[in-house]
4 protein chains.
Amino acid sequence: MTSQNPVFIPGPTNMPEAVRLACHMPTMDHRSPAFADILHPCLDGVRRVLKSTEVEVFIFPSTGTGGWETAISNTLSPGDRVLVARNGMFSHRWIDMCQRHGLDVQIVETPWGHGIPVSTYEEILRADTGHAIKAVLATHNETATGVKSDIAGVRRAMEAAGHPALLMVDGVSSIGSMDFRFDEWGVDIAVTGSQKGFMLPAGLAILGFSPRAMAATKTAKLHRTFFDVADMAKGYANNAFPYTPPVGLMNGLKLACDMLLSEGLENVFARHHRMAEGVRRAVDAWDLKLCAASPDVWSDSVSAICTPAGFNATDVVTVAARDYDMAFGVGLGEVAGKVFRIGHLGMLTDAMMLSGLAVAEMAMVDLGLPIKLGSGVAAAQDYYRHGNTQQKAAAE
Amino acid sequence: MTSQNPVFIPGPTNMPEAVRLACHMPTMDHRSPAFADILHPCLDGVRRVLKSTEVEVFIFPSTGTGGWETAISNTLSPGDRVLVARNGMFSHRWIDMCQRHGLDVQIVETPWGHGIPVSTYEEILRADTGHAIKAVLATHNETATGVKSDIAGVRRAMEAAGHPALLMVDGVSSIGSMDFRFDEWGVDIAVTGSQKGFMLPAGLAILGFSPRAMAATKTAKLHRTFFDVADMAKGYANNAFPYTPPVGLMNGLKLACDMLLSEGLENVFARHHRMAEGVRRAVDAWDLKLCAASPDVWSDSVSAICTPAGFNATDVVTVAARDYDMAFGVGLGEVAGKVFRIGHLGMLTDAMMLSGLAVAEMAMVDLGLPIKLGSGVAAAQDYYRHGNTQQKAAAE
Amino acid sequence: MTSQNPVFIPGPTNMPEAVRLACHMPTMDHRSPAFADILHPCLDGVRRVLKSTEVEVFIFPSTGTGGWETAISNTLSPGDRVLVARNGMFSHRWIDMCQRHGLDVQIVETPWGHGIPVSTYEEILRADTGHAIKAVLATHNETATGVKSDIAGVRRAMEAAGHPALLMVDGVSSIGSMDFRFDEWGVDIAVTGSQKGFMLPAGLAILGFSPRAMAATKTAKLHRTFFDVADMAKGYANNAFPYTPPVGLMNGLKLACDMLLSEGLENVFARHHRMAEGVRRAVDAWDLKLCAASPDVWSDSVSAICTPAGFNATDVVTVAARDYDMAFGVGLGEVAGKVFRIGHLGMLTDAMMLSGLAVAEMAMVDLGLPIKLGSGVAAAQDYYRHGNTQQKAAAE
Amino acid sequence: MTSQNPVFIPGPTNMPEAVRLACHMPTMDHRSPAFADILHPCLDGVRRVLKSTEVEVFIFPSTGTGGWETAISNTLSPGDRVLVARNGMFSHRWIDMCQRHGLDVQIVETPWGHGIPVSTYEEILRADTGHAIKAVLATHNETATGVKSDIAGVRRAMEAAGHPALLMVDGVSSIGSMDFRFDEWGVDIAVTGSQKGFMLPAGLAILGFSPRAMAATKTAKLHRTFFDVADMAKGYANNAFPYTPPVGLMNGLKLACDMLLSEGLENVFARHHRMAEGVRRAVDAWDLKLCAASPDVWSDSVSAICTPAGFNATDVVTVAARDYDMAFGVGLGEVAGKVFRIGHLGMLTDAMMLSGLAVAEMAMVDLGLPIKLGSGVAAAQDYYRHGNTQQKAAAE
């Protein structure tokens with residue numbers, strides 16, 4: 001029997017029934033006026049989730065990786081220099097993509113578990129008096145390490161250096177679950193996907209372009225057609241796509257935006273913080289450490305948990321899947337075998353989260369780790385209970 | 001946001017996705033040959049779940065209550081005497097129905113929390129030398145108290161008394177989740193519904209009639225049309241119903257039977273025992289008691305848990321629903337306010353069950369009960385862990 | 001490959017996707033407050049569809065047949081006399097039920113294809129000066145013959161005779177698709193099901209009781225428990241059912257009522273008339289006749305079409321199903337083999353209806369009937385086209 | 001009320017209920033072993049639909065347009081010459097993409113309505129003695145004009161010229177509905193999408209690469225990351241994707257392949273021919289002409305129908321959508337306003353097709369075209385009827 005346990009991978013996330021059903025559409029003529037009633041609410045909803053008034057939103061039938069490619073190929077030319085920190089597997093992959101597209105990538109190697117070194121960025125940008133750097137890339141939330149970076153800080157560093165580069169942000173595992181301020185932070189391109197904070201199946205790359213980013217598309221020489229935002233913009237103006245749009249997923253996105261916005265973004269973020277904090281209390285009760293080096297970089301969408309030296313963290317994931325039919329995330333790249341990850345973004349409740357912690361405990365005990373059964377659960381229960389009390393007090 | 005937490009009411013149960021989708025059929029012509037491919041596998045599947053070779057199965061668009069009415073109205077006449085123990089709300093309701101249908105009901109009052117007093121039945125039946133008693137009614141699993149009765153024992157009592165009455169068994173919350181042996185126990189009529197062990201939405205009364213029960217329909221004088229099994233049997237012979245059948249639910253029932261039988265009934269029962277035993281370990285860790293008076297009557301599909309005197313057990317249900325969006329069952333009738341109930345039948349996993357126990361704990365602590373957070377969860381975790389080990393050992 | 005052709009049986013009807021999805025609910029605790037938000041809109045929605053301010057609505061997990069049993073068993077006592085016309089298979093079955101429940105049934109035999117003989121009713125009622133007749137039964141729309149009867153006329157006959165009997169109306173294939181005026185016509189009990197005008201799966205009996213009918217329940221002696229409206233009313237007052245309610249179907253009913261009422265009942269009726277009239281134009285083009293004897297009794301929800309003498313009308317249904325995977329209705333009872341039936345109620349469009357007519361034509365031609373291919377389709381096309389023009393003119 | 005009429009756009013097509021439900025999956029961990037059970041059957045199923053033993057299949061979360069980009073960017077380098085005929089909007093768009101990616105595109109302008117001029121290809125290839133042409137591009141089925149080209153002929157031309165270029169075929173609107181022989185025709189790259197013959201929602205680019213095409217990826221210099229087939233192949237070898245895979249769509253693809261293969265590809269093609277031929281009979285009865293210049297290029301998946309000079313063909317589409325809620329395709333590019341298109345691929349039945357023809361007739365009559373209502377329908381009915389007879393004869 002399929003188990004119907006919730007998943008605790010850091011995306012795709014658990015989907016609300018209503019969102020999943022919204023995707024489950026019969027065939028609709030995408031050239032009919034009805035498509036406009038899906039397209040424009042999606043564009044507008046994403047814009048509002050990005051907290052922007054000026055952003056131009058683009059939705060591609062693709063994934064976050066396609067979103068990265070859209071970002072660079074529409075605004076940069078071969079040989080252009082980009083500045084980027086490598087502090088996890090996802091920043092690593094974006095770097096690899098830039099290199100393969102003929103960009104000149106200036107990498108700031110950063111210990112995994114740390115955030116983007118803002119002051120290093122500032123030094124480099126100040127030194128780049130010729131403005132050879134055309135874009136600064138930043139991974140807002142490193143899904144591999146559970147590390148949040150300071151995007152506002154990156155923008156401040158750029159401003160301090162008086163540097164005109166574009167600021168491109170990978171918000172794949174933050175947008176829709178953690179605070180993201182496109183306008184306030186001066187983001188030029190934001191990239192995300194459908195299967196994280198938007199609680200949809202994978203299949204959409206979702207981007208926001210600032211006016212400056214749009215301007216850059218005029219001169220960018222990297223090849224692009226499928227991911228061309230100008231074609232896309234022309235399509236949207238006619239309530240259309242340059243090719244067949246993924247209507248069902250977009251219908252789901254329309255609903256997901258409605259749900260996030262009617263819950264209130266700050267409430268959504270608080271809910272994710274609450275889930276995450278319960279997990280962190282459990283990790284503490286287990287006497288384990290997060291991969292994330294310090295509280296200021298703790299992610300509210302995913303926690304990477306270090307297991308003791310000599311222990312293969314991946315075994316926790318294997319045992320949880322095999323014996324309890326529950327999915328956690330393995331460590332990737334540099335932290336493979338050293339961490340396992342608990343995703344806590346998207347549609348989750350106290351009860352679901354506690355079931356994840358209970359299974360993680362059992363798997364660790366099964367593997368001989370000196371964890372007391374129920375200890376992490378109890379720490380999270382205690383936090384969630386008081387959270388309830390506080391919420392009620394706040395509501396009065 | 002709707003929570004998608006599992007439910008822990010003793011029915012309707014959590015539905016497997018595949019079963020729910022099997023019910024979600026487009027309109028089909030129920031007079032087409034395709035209906036036969038749904039009808040007969042249902043009848044045969046239920047027969048096998050009942051562990052019977054001879055039973056005649058009937059499916060009505062109704063509920064278990066309609067099943068009770070089908071049982072009595074097809075086999076009894078006004079003024080007929082029936083023998084029945086009252087040991088919970090559901091046996092009470094069946095008694096009420098018998099009285100309203102003009103039957104002469106001989107009630108054996110039994111403390112709630114106890115099973116059917118088999119020896120009292122035997123005494124009464126021995127004393128009924130004139131065989132005025134036409135039917136012995138037995139609730140296999142009292143959903144209100146979490147008490148299982150000894151149906152084989154009831155049959156032995158009847159045999160010991162040499163009594164020819166029909167044996168009618170309410171198996172609503174046992175069939176498909178706890179061992180039920182129609183033929184071996186000499187059951188004449190078994191009654192259940194779709195929303196318990198069959199993991200479907202409510203909407204079907206499901207019955208089995210023995211040849212003796214079928215014979216009794218010839219002379220029974222209670223009025224019936226909608227619930228007439230002879231009309232139904234005539235319909236089935238033509239791959240039809242006497243009225244419009246609930247095709248989607250039956251398509252789901254067909255799949256549910258397939259799932260139960262391919263898992264293996266004994267495995268299904270063991271799985272329910274495992275879920276139940278985890279709950280009982282938690283109850284013990286909480287230092288609480290079950291309503292069920294002794295281990296031999298513990299139900300594997302529902303546990304009714306007594307709270308301390310002076311405490312309103314219903315508050316646990318209220319707080320769990322209001323603050324944690326989780327559904328437990330309240331106490332009914334005599335035990336209202338004295339117990340709350342955890343349903344553990346149907347589609348459940350260790351992880352789901354642990355989430356239920358974790359929430360029950362939080363609710364009880366919120367209400368001031370001297371429960372240690374995580375204690376019940378840990379007891380269940382410990383049991384489920386070793387269960388896994390034993391299962392693996394057994395499989396090797 | 002399953003064909004996904006529309007069905008043209010006179011129920012169950014084609015379901016709107018949204019209604020079907022509304023039924024496809026995960027398990028919900030039916031004792032939670034959320035159930036009230038389904039229950040009461042259903043009761044209120046049905047009341048409005050019945051065009052009543054006073055009716056008490058009841059919903060049972062059952063079918064229209066169960067609705068008939070609810071009507072009689074809650075208001076009548078064994079030996080009570082009822083007056084009823086037999087003019088088709090469904091009135092016949094209700095008569096049979098009355099007889100089996102010990103009522104004294106005064107049958108007015110009426111040619112199949114004719115409506116209820118209102119003047120005969122009046123004569124009989126006038127002659128019943130002792131008011132032995134306790135209920136007048138009337139089938140509003142005989143699904144077997146496609147004949148609509150004059151319910152307002154039956155009430156006038158009762159008034160003319162000054163007769164106090166209850167007026168019970170089978171509106172199974174009329175309510176929600178043809179005009180039905182509970183209050184204006186002085187109906188005491190209306191009976192319908194979920195799978196016709198409400199466009200849902202089978203599984204609900206839906207009834208309305210007038211205050212007089214409710215009063216009659218106090219003294220009625222026929223046995224009932226499952227179908228007891230007093231138990232049901234008590235349940236509703238507590239946002240509950242006396243047993244497990246069919247929550248998903250009711251959630252669908254809530255939406256179906258919303259859809260019918262927001263379209264506007266008169267528009268719904270006009271839409272059904274439009275569908276029906278297209279079919280009648282086709283029948284005329286085929287040079288065939290309806291079973292319904294005259295235009296005043298033509299049904300807008302189903303047409304029974306007579307085939308020439310010597311031809312087995314059932315073959316049309318068989319060939320359409322076998323060779324074109326399309327479902328029509330066979331003739332039943334007296335008109336078996338003489339008519340085939342096209343259901344045209346529920347969710348249908350011009351295009352769907354035309355596909356049904358096209359297939360009916362092919363099947364008839366395949367069977368050697370002297371029908372010109374395309375002739376019936378063309379007649380319906382012509383009507384639907386002008387209907388469009390008229391609708392547009394009316395809207396301007 | 002939403003109409004649930006079938007669509008007659010040439011993709012996305014009507015989806016079988018079972019395929020649509022297969023896509024409607026809850027979240028699954030795409031790194032779990034269960035994903036392998038979806039991935040490999042997809043790859044194998046597509047391979048078999050392509051009638052190939054050697055092809056390497058790739059599936060991207062994208063569309064056919066992304067498939068084109070995958071084809072060229074993985075095998076070609078900037079400045080490479082490609083040969084391609086422009087005979088419709090989709091060949092035009094692929095040409096545009098090639099140009100934007102810096103390829104040297106040798107265009108063979110071909111009248112819209114005609115197929116690829118195989119002999120011209122041969123002349124050009126013979127003349128290219130230096131083998132500057134690296135790829136020959138061919139649109140198997142021009143969706144804009146309903147024109148099928150001779151891919152086997154293109155390969156013969158290449159062989160006659162002894163030319164080593166790669167043969168890349170756009171089979172977006174042919175694969176899965178019209179005969180396509182990857183191996184026999186010597187295709188090097190085949191491109192399609194999910195929303196045509198595979199009867200799925202849009203969202204997948206599906207490609208096949210021959211060993212020669214795979215070899216070409218080693219030296220190709222066009223930039224690619226998202227669409228990189230080497231990354232994809234490496235992922236597949238680990239039962240994974242280089243990024244989050246569209247699991248639900250792939251689960252649908254797995255089922256769609258099963259359905260096509262168990263029906264039998266030749267039967268699938270015959271079914272599409274049957275649908276198409278009915279449409280062509282209707283067009284003939286209307287005294288209209290296809291855009292496709294001659295029977296040898298008639299497409300079995302879409303028909304572009306020319307309306308009389310002075311008449312705006314797009315109006316047919318507009319009226320059908322507005323007044324009858326039915327979707328047809330407009331003319332694109334050179335044939336905009338001159339043709340309207342009826343898609344007849346994917347899940348369709350006689351009945352559905354006839355409903356499309358009936359509505360097209362009504363719309364044309366509404367617009368004043370001298371069409372006789374029912375005439376096209378009758379021609380198609382006549383053809384479908386005899387088709388049935390022939391099928392039955394063949395089956396005996």
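## The contact between chains D and A

In this predicted model, 41 residues of chain D are in contact with 41 residues of chain A, two residues being in contact if their C-beta atoms, placed from the backbone, lie within 7 Å. On the side of chain D that touches chain A, helix 3 (64-75), helix 4 (89-100) and helix 9 (247-263) of chain D each supply at least two residues, and helix 3 of chain D gives the most, with four residues. Helices here are DSSP runs of H or I with at least four residues, and strands are runs of E with at least two, both numbered from the N terminus. The residues on this side of chain D divide into 17 nonpolar, 20 polar and four charged, where Ala, Val, Leu, Ile, Met, Phe, Trp, Tyr, Cys and Pro count as nonpolar, Asp, Glu, Lys and Arg as charged, and the others, Gly among them, as polar.

The same surface serves both copies, since 100% of the contact residues of chain D recur in chain A.

## The contact between chains B and A

Chain A also meets chain B, in a contact that takes 37 residues from chain B and 37 residues from chain A. Two or more residues of the side of chain B that touches chain A come from each of helix 1 (17-23), helix 9 (247-263), helix 11 (314-324), helix 12 (350-366) and helix 13 (375-395) of chain B. Helix 12 of chain B gives the most to this side, with 11 residues, and the residues of the side divide into 18 nonpolar, 10 polar and nine charged.

Chain B, too, can be laid on chain A by a turn of 180° and a shift of 0.0 Å along the axis, with an RMSD of 0.0 Å. Here again the same surface serves both copies, with 100% of the contact residues of chain B recurring in chain A.

## Two domains in chain A

Chain A is assigned domain 1 (17-262) and domain 2 (265-395), with bounds that come from an automatic or database domain assignment. The C-alpha centres of these two domains of chain A lie 28 Å apart, and 24 residues of domain 1 are in contact with 24 residues of domain 2. On the side of domain 1 of chain A that touches domain 2, helix 4 (89-100), strand 6 (147-148) and helix 9 (247-263) of chain A each supply at least two residues. The residues of that side divide into nine nonpolar, 12 polar and three charged.

## A listed position, A:R341

UniProt, in an unreviewed entry, lists A:R341 for "binding site"; such annotations may be inferred rather than shown by experiment. A:R341 is placed in strand 13 (residues 339-343) of chain A, and A:R341 counts as buried because it has 26 C-beta neighbours inside 10 Å, the cut-offs being 20 or more for buried, 12 or fewer for exposed, and partly exposed in between. Not counting residues up to four places away in sequence, A:R341 touches A:P10, A:G146, A:V302, A:S303, A:A304, A:F328 and A:G329.

## Numbering and confidence

Residues are numbered from 1 along each chain as its sequence is written, while chains are lettered from A and ligands numbered from 1 in the order in which they are written. As this is a predicted model, local features need pLDDT of at least 70 and side-chain atom pairs count only at pLDDT 80 or more, whereas totals for chains, interfaces and linings use all residues.

Methods
Least-squares fit on C-alpha atoms with pLDDT ≥ 70 in both.
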